[in-house]
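Hi,

Here is the structure I promised to pass on. Have a look at it first, and then read on for what turned up.

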Amino acid sequence: MKHLLYLFYIFLVVVVLFPKEKFYFTFESFLREYHLIINHEVMNDRFVYFDADNGEVLLDNQLIASVEKIRISPWIFYNRLSLSNLSVSPLFRQFFPGKIDTITVTYTLLHPLEISIQGEGDFGHFKGGYDLLTNNMRIVFEATSQLRGYGLLVSRLHQEKEGLVYESNF
């Protein structure tokens, strides 16, 4: 029992001392390769997770969305990135749903070759994943009437028995 408490203490110290802000800046530099920039966010290191609040997402220096909260939870065995209350700019609402309540990206050592993605918004619910070996992303959307209102998005999806599917290779 004593050894288990020592292991838990060491794990907790590693999680607290993990450079979460550096991890966030690495995430931003990855997005910069795709000309995406997160701007004007307020950053807070909260010991076991990292928050960036009220950020603006720019694509080629043009505002495409605002994000109320970005939360990074780097817990070594189970890592999660959450985006909350994402509002798409009116200029891009014909391409994307206007309001996305949550997007959660999860990586766990139980499934080391897959990144799980799920979320929901005013269009319904979606879930999917990204395969790290094949660089293939597959996202399944619920076939809701609200989703059908986004014609350009639906035109990029194909119907399967689970719902409307988006597939892409990076």
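Predicted model: local features only at pLDDT ≥ 70, side-chain atom pairs only at ≥ 80, totals over all residues.

Ile-70 touches Tyr-24, Ile-38, Phe-50, Asp-51, Ala-52, Leu-81, Ser-82 and Leu-83, leaving out residues up to four places away in sequence; a contact here is heavy atoms within 4.5 Å.

Residues are numbered from 1 along each chain as its sequence is written, and side-chain values use heavy atoms, with hydrogens and water left out.

Back to Ile-70: together with Tyr-24, Leu-86, Phe-123, Phe-126, Phe-141 and Leu-147, Ile-70 has the most contacts inside the largest nonpolar core, which has 31 residues. By nonpolar core I mean a set of buried Ala, Val, Leu, Ile, Met, Phe, Trp, Tyr and Cys residues joined through side-chain atoms within 4.5 Å. Buried is under 20% relative accessible area, exposed is over 50% and partly exposed is in between (1.4 Å probe, protein chains only). Elements giving two or more residues to this core include α2 (20-32), β3 (50-59), β8 (124-131) and β9 (136-141), but β4 gives the most, with five. Helices (H or I, at least four residues) and strands (E, at least two) are DSSP runs, numbered from the N terminus.

Now for α2. Which of its residues are buried? They are Lys-20, Tyr-24, Glu-28 and Leu-31. They sit on the same side of α2, because they cover an arc of only 85 degrees around the axis (taken from the directions from the helix axis to the C-beta atoms). These buried residues pack against α1 (2-17), β1 (36-39), β2 (42-45), β3 and β4.

On to the strands, which pair if DSSP finds at least two bridges between them. β8 and β9 run antiparallel, joined by six bridges, and Phe-126 has Phe-141 in β9 as its bridge partner. Their hairpin has four residues between the strands, and Asn-135 takes a positive phi near 55 degrees there. β9 also pairs with β11 in the antiparallel sense, over six bridges, with Phe-141 opposite Leu-164 in β11.

Last one: Ser-168 lies in β11 (residues 163-169) and counts as buried because its relative accessibility is 17%. Setting aside neighbours within four places in sequence, Ser-168 is in contact with Asn-135, Asn-136 and Met-137.

Cheers
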